[in-house]
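Have a look at the structure first, then we'll go through the interfaces.

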Amino acid sequence: MNVVVLNEVRKGFYLDSVALMRLSREVAGSPGVIEAALMMGTPSNAAIMRNAGLLEEGTAVKGNDLVIAVKAESESAAREALDNAIKSLDKPKTQGEAQSAWQPHSIAAAVKVRPEINLALISVPGEFAAAEARKALNRGLHVLMFSDNVSLEDELSLKQQARTAGLLMMGPDCGTAVIGGALLAFANKIRRGRIGIIGASGTGTQEVSCLISEAGAGISHAIGVGGRDLKKDIGGITTLMAIDAFESDPETDHVVLISKPPHPDVAKSVLERIGRSRKSYTVCFIGATEIELPPNARFSPTLRGAAELALGDKKIGAGFDAKGVASRLPRSGRGGIEGLFAGGTLCAEAQVILAAAGRKVASNAAIPGVVKLGVEPNAGRDRLIDLGDDEYTRGRPHPMIDPSVRDDALRAALRNRDLSVVLLDLVLGYGAHADPAEHLTKIVADRGQDAPALIASVVGTEQDPQGRSAQVRKLEQAGILVAPSNAQACELAVAIVQNAGR
Amino acid sequence: MTDQDRPQYQQLLARKVEVVNVGLEGFVKDLRDCGIDVVHVDWKPSAGGDPQMAALLAKLGV
């Protein structure tokens, strides 16, 4: 086979990553095409395409160039696919809500015309995100930075600038926030209530807020701080400001703080600040062991536990009987569990629960005490994969937007007879895929009768655009077991392998 | 302390949020569906697509 690579570079042509993903898929589906990519020519994207053999020798690209790259079985197939991609790009835009309104070319122009704007939502490629955030802060705007791949140095300097100006810098890599009823980035349609959330984890915040909402209580605000805020380098700048913000908020009685275990120095200053608060707190440091807390705080190592404490010890999914469900299932596989997660914190919670049940666990996003995949030997261990990790998302959308990131790994897992269980999560809400259950059920439809049991949890509410119960129903009709929470999905996985005496 | 005397980040929770969206266009529809006023920036990488130059210009307030 004579493999041909063709490139087209559009100078100064920008499309966001979701639009690029749709077009990439169209081109990749053309006859005779082996691989295709449409990407902005940022340095990191250029490296990805070069490593994949998708850039022709001598092709030079810049960050404001759109690159169409096609690898095909023949020159004619490559040419046809490239021509179709160019036609799609040149089609006048007729859809898209944003197209219907006035669009300024900069934050400065937007603020000049609409001085009421008080928050910038930034989701441009990581290389440019800090520059945009700085422009927003310079104009007195709070920032939610959804973009990731931003350097620690930039994060620190932006947060210091924000603190000095009295502004809230949420992120980078802040997946969700809810400020007063405004659902920002990935967020679920949750009930309003008197529980506040400070989250260094997007999916952790979503899981806890949805469990609280579905249990009948509600959220006042959820402030995202970004996954690295409680590391030593950043020192919890945004977390400390969020605690202060909740302190003076009359709508909030109780606050849940969600993070991976912080640096001890940062934990000390955060817990000290909580200790001075007049409000009660639930502290959820996923994977941490019991820590010394002030009298107004209680600890949970899991998201479900955090939701239960915030609800005043109300049980989530009280009628769910993991052992009973497990006892009714046929045996399959040799006792292994594999988790394929879109939500990073759901993956971390799974590690906590499996490790606590005595399972040997490995993960690409290992919590303390768990073996790191690809670094240490992991034979015979359960594998829990965070598909939202940088290694899977560089140059492409997050699996919550594009669930196909999981497809290949899922197909491989379904054929793996060492596995008795495959654990999955579906994350609903604004910003997420329109119908992740439909996508998933198509992938698993032709699995063999002796394939591992599929267990899913659905992060979402009935009021979300996808509707939680409709998604659950689709999964159940496809023979997928659905648990009320991620934690209970993990407990069911453990019960299945224990029930089989493995 | 009155609300006006508090730092802006403490006032944010009590204020109506109005958003400028820079990046994924899909967020605009989601925000409008929730009744949030939003202006979408027709964004292109600045400084000819050179991230370091773009960062420098932003620091200089350009």
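Which residue of β1(B) is the bridge partner of Leu119(A)? It's Val19(B), and the rest of that strand pairing is picked up below. Keep in mind that this is a predicted model, where local features need pLDDT of at least 70 and side-chain atom pairs count only at pLDDT 80 or more, while totals for chains, interfaces and linings use all residues. Residues are numbered from 1 along each chain as its sequence is written, chains are lettered from A and ligands numbered from 1 in the order in which they are written, and side-chain values use heavy atoms, with hydrogens and water left out.

**Chain A against chain B**

- β4(A) runs parallel to strand β1 (residues 19-22) of chain B, and the two pair over 4 bridges (strands pair if DSSP finds at least two bridges between them).
- The contact (heavy atoms within 4.5 Å) involves 67 residues of chain A and 46 residues of chain B.
- About 4900 Å² is buried between chain A and chain B, with 65% of it on carbon and sulfur atoms; buried area is the accessible area (1.4 Å probe) that two parts lose on being put together, summed over both.
- The count here is 1 salt bridge, meaning a side-chain nitrogen of Lys or Arg within 4 Å of a carboxyl oxygen of Asp or Glu.
- Glu18(B) makes a salt bridge with Arg114(A), with the closest N and O atoms 2.8 Å apart.
- Several elements of chain A each supply at least two residues to the side touching chain B, including α1 (17-28), α4 (107-113), β4 (119-122) and α5 (126-138). These are DSSP runs numbered from the N terminus: helices are H or I with at least four residues, strands are E with at least two.
- α5(A) gives the most to that side, with 7 residues.
- By class, the side of chain A that touches chain B has 36 nonpolar, 19 polar and 12 charged residues. Ala, Val, Leu, Ile, Met, Phe, Trp, Tyr, Cys and Pro count as nonpolar, Asp, Glu, Lys and Arg as charged, and the others, Gly among them, as polar.

**Domains inside chain A**

- Chain A splits into domain 1 (4-90), domain 2 (174-310) and domain 3 (322-499), with bounds from an automatic or database domain assignment.
- Taken over C-alpha atoms, the centres of domain 2 and domain 3 of chain A are 25 Å apart.
- Their contact takes 22 residues from domain 2 of chain A and 30 residues from domain 3 of chain A.
- Domain 2 and domain 3 of chain A bury about 2100 Å² between them, 63% of it on carbon and sulfur atoms.
- On the domain 2 side, Phe186(A), Lys189(A) and Arg304(A) lose the most area to domain 3, together 28% of what that side buries.
- Arg304(A) also meets Glu491(A) in a salt bridge (2.5 Å, N to O).

**Salt bridges overall**

- Over all chains, the structure holds 27 salt bridges.
- Another pair is Glu35(A) with Lys71(A), whose closest N and O atoms are 3.7 Å apart.
- Glu35(A) sits in strand β2 (residues 33-40) and Lys71(A) in strand β3 (residues 66-72) of chain A, so this pair ties together parts 36 residues apart in sequence.
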